[in-house]
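Visitor: I would like to learn how to read a model like this one. Please take me through a few features.

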Amino acid sequence: LGSKLVDALGKLQSSMLLDDGIINQVIKDICLALIQADVNIQQVNELRQSIKRSLDANAIAAGHNKRVLVRQAVVEALSKMFDPGHPPFQPKRGRTNIIMFVGLQGSGKTTTVAKYANFYKKKGFKCAVVCADTFRAGAFSQLQQNAAKVRVPFYGEQENKDPVAIALAGVRMFTEEGFDLIIVDTSGRHMQDTELFEEMKQVADAIHPNDIVFVMDSSIGQAAHDQALAFRQKVNITSVVVTKLDGHAKGGGALVAATQSPIVFLGVGEGFDQMELFNTHSFISRLLGMGDVQGLVAKMEEMDLEKKHPELIQNLTEGRFTYKDLRSVLETFMQAGSLTQMMDMMPGPVGKFFHDMQGGDAANADREGFLRLKGFMTIMDSMTEEELNSVKPLTATRVSRLARGSGQHSRMVQALIEAHKLFSRFGSQLKGLGINPAGDINPR
Ligand code: GDP
Ligand code: MG
């Protein structure tokens, strides 16, 4: 979905003359990209209307930059589409937060329970998990193992077949032991199973969760709408996690269907750290190829980059992005472990640049990407202080000296210069959109 939207908006950038024909074409392309990503036609039509309305309203104020206006209209309309209009539940430390996970079998509940515990544990929460899935064989040991991997206590009763009794016992025990965050995993089964919905309701009535998290598999496309509705009719869904967004081009349907309740996280892999905080603004920026600066900044924060290099973000937005800054960013990527995940947050052209030089499956791309990054680092190691502090592309003589000095191919040096250019351009692009990457970083 992302790259198609990027291409559509790219037309805005590349067209010399921005007449109504081109603007209409861009809007049409955007709508087509959404439909192909399985977003419901009616919702796409509403989006089209809303873009047109805001363009008509703004056209009166002549002298505005049309490119900026169109982009803004698209961003606004998409934001409205994803925004449920109220913030998600936020667990607080120092009290008991009971979180119940629901969703169909195979949607990713048990995996997400572990990711969720892992995420909040890192934030200093005292977390525990309870297995109230008595339906699926192996549910008990799956969650037990997941819990052990992320090192949080687990409660379950292998012999007991009463999910309500188990959930209640687990929640009581962990509440008494003073846990902040008690996460209850439930069984999934299939949509036609009325027993499932009844059981889910009984568990909810018994443990009074503060938050009911609906876990939805993004690969189900349009079916997401009915599924979300069915769950919502039975229990009070207060948060949504959309899973398996890695490797699915058709995630749009699930994302949009989900949004009557706020999406809190996105699952982007099977690993317990492959979950991202959902932030409407970040997500849309990323969809449109503007990069997810907030997400990047949040990641960098996690890695203490802000503290180590406080000037970096500012340099980025103020057009003073140096090779030294680039080195800090790339170092962060290498430490982050998952290159591809980081690259997905990069603004369109930068992300594309790294993706293009990778290829193959994710693991392969990661490996390949690491090799390139190592090459970049070697080149920057042989840069002079003056070169490192430069904000301009390096001259041809410097390129050949650096290639010789670092033992890297001059194509690699060129690629590095290209990467630096892309980052620099990205900063000014953000400014044009009136996005302030330094502010409103991450609500949690
Ligand atoms: P449950 O039946 O709802 O509890 O689902 P599980 O947690 O057992 O997950 C079903 C399958 O989906 C497992 O193989 C998981 O590893 C996989 N899975 C869960 N979340 C993700 C995700 O975000 N990305 C990918 N690629 N796989 C996932
Ligand atoms: Mg499960």
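Guide: Start with a helix pair: the axes of helix α5 (residues 109-122) and helix α6 (residues 139-149) come within 9 Å and cross at roughly 25 degrees. This is a predicted model, in which local features need pLDDT of at least 70, side-chain atom pairs count only at pLDDT 80 or more, and totals for chains, interfaces and linings use all residues. Residues are numbered from 1 along each chain as its sequence is written, and chains are lettered from A and ligands numbered from 1 in the order in which they are written.

Visitor: How should I read such a pair?

Guide: Two packed helices are described by the angle between their axes and the distance between the axes. Axes are lines fitted to C-alpha atoms, for helices over the stretch in contact, with angles from 0 to 180 degrees between N-to-C directions. Helices (H or I, at least four residues) and strands (E, at least two) are DSSP runs, numbered from the N terminus.

Visitor: What is the orientation of α5 and α6 to each other?

Guide: α5 and α6 are therefore roughly parallel; that term covers angles under 35 degrees, while over 145 is roughly antiparallel, 65 to 115 roughly perpendicular and the rest oblique. The crossing of α5 and α6 is right-handed, as a crossing is when the near helix is turned clockwise from the far one by less than a right angle, and left-handed if anticlockwise.

Visitor: Which residues in α5 and α6 meet?

Guide: From α5, T110, V113 and A114 meet A139, Q142, L143, N146, A147 and K149 of α6. Contact requires C-beta atoms, placed from the backbone, within 7 Å. The residues of this contact of α5 with α6 are 5 nonpolar, 3 polar and 1 charged. Ala, Val, Leu, Ile, Met, Phe, Trp, Tyr, Cys and Pro count as nonpolar, Asp, Glu, Lys and Arg as charged, and the others, Gly among them, as polar.

Visitor: At what angle do α7 and α8 pack?

Guide: Helix α7 (residues 163-176) and helix α8 (residues 194-207) pack at about 30 degrees, and their axes are 9 Å apart. Their crossing is right-handed. In α7, P163, V164, A167, L168 and V171 meet E199, Q202, V203, A206 and I207 in α8. That contact of α7 with α8 divides into 8 nonpolar residues, 1 polar and 1 charged.

Visitor: Is F101 buried or exposed?

Guide: F101 counts as buried because it has 28 C-beta neighbours inside 10 Å. Buried means 20 or more other C-beta atoms within 10 Å of the residue's own, exposed 12 or fewer, and partly exposed in between. F101 belongs to strand β1 (residues 97-102). Beyond its neighbours within four places in sequence, F101 has contacts including K109, T112, V113, I183 and V215. I237 is 136 residues from F101 in sequence, yet their C-alpha atoms are 9.6 Å apart.

Visitor: What should I look for in phi?

Guide: Most residues other than glycine have a negative phi. H208, with phi near 45 degrees, has a positive value, and K244 has one of about 55 degrees. H208 sits in the loop between α8 and β5 (211-217), and K244 in the loop between β6 (239-243) and α10 (252-258). H208 counts as exposed because it has 9 C-beta neighbours inside 10 Å, whereas K244, with 22, counts as buried.

Visitor: How many helices and strands are in the chain?

Guide: The chain has 21 helices and 8 strands. Of its 444 residues, 43% are buried.

Conventions
Contact = placed C-beta atoms within 7 Å.
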